[in-house]
Amino acid sequence: MATLEEIEDLIARVALGDRRAFSRLYALTSAKLMGVALRILNSREEAEETVQETFVKVWRNADRYKAGGYSPMTWLITIARNAAIDRLRARRAAAEDLTEAETLADGTPGPEALAVASAERARLITCLEELPEDRASAVRGAYLRGETYAELAARHDVPLNTMRTWLRRSLLKLKDCLSR
């Protein structure tokens, strides 16, 4: 069993980058810190990760420990306890996020909706085939590709008002066809 003075000395040497002191400090204190983390987390795997995280923090912050102040074990246990509590909070936040996900509706269409959409698409294609090719192309351009009336008029080499008439009459024919 190490004395508090020995642990203080090891922490001071760790602050100077002494790897052997760090290894000795780990050997002397890791079991106690593992017990603290395991009691909080109730998970051996998470407790082991927390102890590892604790020693990383000790390596980086050993120079912050003030010898002669608090007990060195209190300092180490506080680091381990805070790391375990942080991990516990993260676990709870993740569980809450998954709980909300269970109540969200799936936005994708179901098999019935897909079947209906497929049948309507087939009917629309059949009705478009009844239109003259230039009118069907103008309808696809305006309502499926988002082309403007002016762009369609230029592409089909007709006046703008003629294109409007084509589209209006084509839509009326499609409506009649789809209502049969």
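1. Let me start with Glu-49, which is partly exposed at a relative accessible area of 35%. The accessibility classes are buried for under 20% relative accessible area, exposed for over 50% and partly exposed in between, with a 1.4 Å probe and protein chains only. The side chain of Glu-49 meets that of Arg-87 in a salt bridge, 3.0 Å from N to O. Because Arg-87 lies in helix α4 (residues 72-103) and Glu-49 in helix α3, this pair ties together parts that are 38 residues apart in sequence.

2. A word on the model and the conventions. This is a predicted model, in which local features need pLDDT of at least 70 and side-chain atom pairs count only at pLDDT 80 or more, while totals for chains, interfaces and linings use all residues. Residues are numbered from 1 along each chain as its sequence is written, and side-chain values use heavy atoms, with hydrogens and water left out. Helices (H or I, at least four residues) and strands (E, at least two) are DSSP runs, numbered from the N terminus.

3. How many salt bridges does a search of the whole structure find? There are 12, each defined as a side-chain nitrogen of Lys or Arg within 4 Å of a carboxyl oxygen of Asp or Glu.

4. Helix α3 (residues 44-61) also holds a pair of its own: Glu-48 and Arg-44 are 4 residues apart there, so about one helical turn separates them. Their closest N and O atoms are 3.5 Å apart in a salt bridge. Glu-48 is partly exposed at 41% relative accessibility, whereas Arg-44, at 52%, counts as exposed.

5. Please look at Arg-180 and Glu-130 too, whose side chains form a salt bridge at 3.0 Å, N to O. Arg-180 sits in the segment after α8 (160-179) and Glu-130 in helix α5 (residues 111-130), so that distant parts of the chain, 50 residues apart, are linked. Arg-180 is exposed at 68% relative accessibility, and Glu-130 is partly exposed at 47%. Elsewhere, salt bridges with shared partners join Glu-49, Glu-53, Lys-57 and Arg-87 into one network.

6. Now the rings: the structure has 4 aromatic pairs. Rings of Phe, Tyr and Trp (its six-membered ring) pair if their centres lie within 6.5 Å; planes under 30 degrees apart are stacked, over 60 edge-to-face and the rest tilted. Tyr-65 and Trp-75 make a tilted pair, 5.3 Å centre to centre with 50° between the planes.
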